Amino acid sequence: MSLPVVIVGTGLAGYNLAKEFRKLDAQTPLLLITADDGRSYSKPMLSTGFGKNKDADGLCMAEVGAMAEQLNAEIRTHTRISGIDAGHRQLWIGEEAVPYRDLILALGAEVIRVPVAGDAPEAIFPVNDLEDYARFRAAAAGKQRVLVLGAGLIGCEFANDLSLGGYSVELVAPCEQVMPGLLPMAAAAAVQAGLESLGARFHLGPVLTSLQRSDSGLLAHLSDGTQVACDLVLSAVGLRPRTDLAAAAGLAVNRGVVVDRQLQTSHANIYALGDCAEVDGLNLLYVMPLMACARALAQTLNGTPTAVSYGPMPVTVKTPVCPLVVSPPPRGAVGEWTVEGSGADIKALCHDAQGNLLGYALTGTAVQEKLALNRQLPALLA
Ligand SMILES: Cc1cc2nc3c(=O)[nH]c(=O)nc-3n(C[C@H](O)[C@H](O)[C@H](O)COP(=O)(O)OP(=O)(O)OC[C@H]3O[C@@H](n4cnc5c(N)ncnc54)[C@H](O)[C@@H]3O)c2cc1C
């Protein structure tokens with residue numbers, strides 16, 4: 001029997017690659033290995049579950065057995081690969097060696113954990129996969145007050161969603177505005193005001209220094225001396241691409257596992273895509289890029305070497321109280337922001353010196369202009 005194509009990871013990257021590959025090749029043995037339970041779900045939906053009143057089972061799109069059948073694949077769940085022997089084309093699961101024809105790393109990114117003093121560290125929950133979400137939902141049942149750490153895209157989405165779910169939400173983040181690095185100030189102010197209209201309270205500037213149990217739940221101490229009473233904490237302070245296995249195997253890593261436009265790592269027959277990969281210098285933690293990579297890599301694995309290209313990659317942020325679409329300027333591009341509109345309806349455009357549109361942030365009614373603007377945006381990987 002021929003050696004399998006092995007995909008490590010069953011997130012959107014791993015499963016979409018497997019689906020694209022099976023469209024082209026129905027026969028080659030396919031093995032998927034995942035540290036989690038292998039259920040298929042759409043990760044972006046994790047920050048919509050409270051508003052829609054959906055638990056983890058409600059967000060699950062397919063059980064692992066159904067995925068194995070659909071993909072004509074073996075799927076090993078709750079199985080963590082521990083090493084890669086690139087020279088001998090095999091990977092390690094503890095003592096077990098698993099040979100591969102091609103190995104694809106779709107390992108995702110792990111949550112950054114910040115050190116917090118106090119006697120309640122177990123009340124801090126990251127939500128980065130379906131199992132995390134199930135744990136957080138169980139802990140939040142019957143509770144009222146959630147402190148969100150981080151005011152980035154994911155922190156703001158959860159603030160909106162938890163508010164819709166009836167929770168009282170406070171956010172703490174060491175920045176001057178929400179989504180710094182992604183939004184110009186006027187657009188950030190529109191989103192913050194929208195979330196505040198739902199009752200969310202912001203503590204921008206300080207960090208959480210300690211979390212203590214109290215008679216009525218928890219008491220969070222912030223670095224500016226503020227104390228926030230809450231029942232649990234959702235941590236959304238950032239993600240770090242999983243590169244350790246690749247680095248230990250001698251593959252080139254930078255911010256992510258370094259791959260070329262054909263998604264090949266520095267070693268033949270090993271590829272990477274999704275949150276763990278840095279594609280031609282870009283580590284984009286979004287769905288659209290990984291879908292483009294899955295389509296291109298499936299072709300390559302099927303014998304037609306294919307380079308991925310990225311068009312414009314606008315991101316729709318799920319803050320329905322203040323609709324938001326953002327397309328950040330390409331890396332290294334130099335431009336000037338101009339802002340039109342006021343209040344909830346902001347149209348912020350970034351142009352270069354020649355007047356070419358580089359990026360935008362649209363809030364409120366201005367999001368209607370996204371399709372027309374998308375046509376003017378430059379491709380991120382031409
Ligand atoms: C709350 C939230 C909301 C989001 N909203 C949006 C959005 O609206 N739009 C958008 O474009 N993007 C959004 N994103 C980002 C998007 O969801 C991710 O970019 C994407 O899901 C990443 O998929 P992935 O398959 O690369 O990683 P993951 O889904 O993290 O999958 C990684 C897989 O690797 C496995 N794994 C890891 N280590 C090992 C190991 N050693 N051995 C075996 N298996 C291992 C894991 O078990 C898992 O199966 C959001 C992210 C979050 C957290």
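How many residues of domain 2 are in contact with residues of domain 3? Nine residues of domain 2 touch 12 residues of domain 3, where two residues are in contact if their C-beta atoms, placed from the backbone, lie within 7 Å. On the side of domain 2 that touches domain 3, eight residues are nonpolar, one is polar and none is charged. In this classification Ala, Val, Leu, Ile, Met, Phe, Trp, Tyr, Cys and Pro count as nonpolar, Asp, Glu, Lys and Arg as charged, and the others, Gly among them, as polar.

The structure is a predicted model, in which local features need pLDDT of at least 70 and side-chain atom pairs count only at pLDDT 80 or more, while totals for chains, interfaces and linings use all residues. Residues are numbered from 1 along each chain as its sequence is written.

The protein is assigned domain 1 (5-109 + 239-301), domain 2 (113-235) and domain 3 (323-374); the bounds come from an automatic or database domain assignment. The centres of domain 2 and domain 3, taken over C-alpha atoms, are separated by 28 Å.

The shell around the ligand contains 36 residues, of which G9, G11, A13, G108 and G274 come nearest. A residue is near a molecule or strand if its C-beta atom, placed from the backbone, lies within 6 Å of it. Domain 1 and domain 2 each contribute at least three residues to this shell. At least two residues each come from α1 (12-24), α5 (153-164) and α8 (287-301). Here helices (H or I, at least four residues) and strands (E, at least two) are DSSP runs, numbered from the N terminus. The shell is made up of 19 nonpolar, nine polar and eight charged residues.

Helix α1 also holds L17. With 30 other C-beta atoms within 10 Å, L17 is buried. A residue is buried if 20 or more other C-beta atoms lie within 10 Å of its own, exposed if 12 or fewer, and partly exposed in between, with C-beta atoms placed from the backbone. When residues up to four places away in sequence are left out, L17 touches I7, I104, A106, L273, A294, L297 and A298.

One of the contacts of L17 is I104, which belongs to the covered strand β9 (residues 102-105). In β9, D102 and I104 on one side and L103 and L105 on the other are all buried. Strands of a sheet pair through backbone hydrogen bonds, either parallel or antiparallel. Two strands are taken to pair if DSSP finds at least two bridges between them. Strand β1 (residues 5-8) runs parallel to β9 and is joined to β9 by four bridges, with V8 opposite L105. Strand β21 (residues 270-272) is also parallel to β9, over three bridges, and I104 has Y271 as its bridge partner in β21.

Three bridges link β6 to strand β7 (residues 90-93), and I84 is partnered by L91.

A further open sheet, also antiparallel, has five strands in the order β23-β24-β27-β26-β25. At its edges, β23 (315-317) and β25 (336-342) each have a single partner strand, so one side of each is left without a neighbour in the sheet. The twist here averages 15° from one strand to the next. Between β23 and β24 there are three bridges, and T316 is paired with V325. Helix α6 (residues 185-197) packs on this sheet and touches β24, β25, β26 and β27, its direction making about 155° with that of β26.

Strand β27 (residues 357-363) has six of its seven residues buried. Strand β24 (residues 324-327) is joined to β27 by four bridges, and L324 has T363 as its partner. Strand β26 (residues 345-351) pairs with β27 over five bridges, with C350 opposite G359. The hairpin of β26 and β27 has five residues between the strands, and G355 there takes a positive phi near 90°.

How values were computed
Axes are lines fitted to C-alpha atoms, for helices over the stretch in contact, and angles run from 0 to 180 degrees between N-to-C directions.
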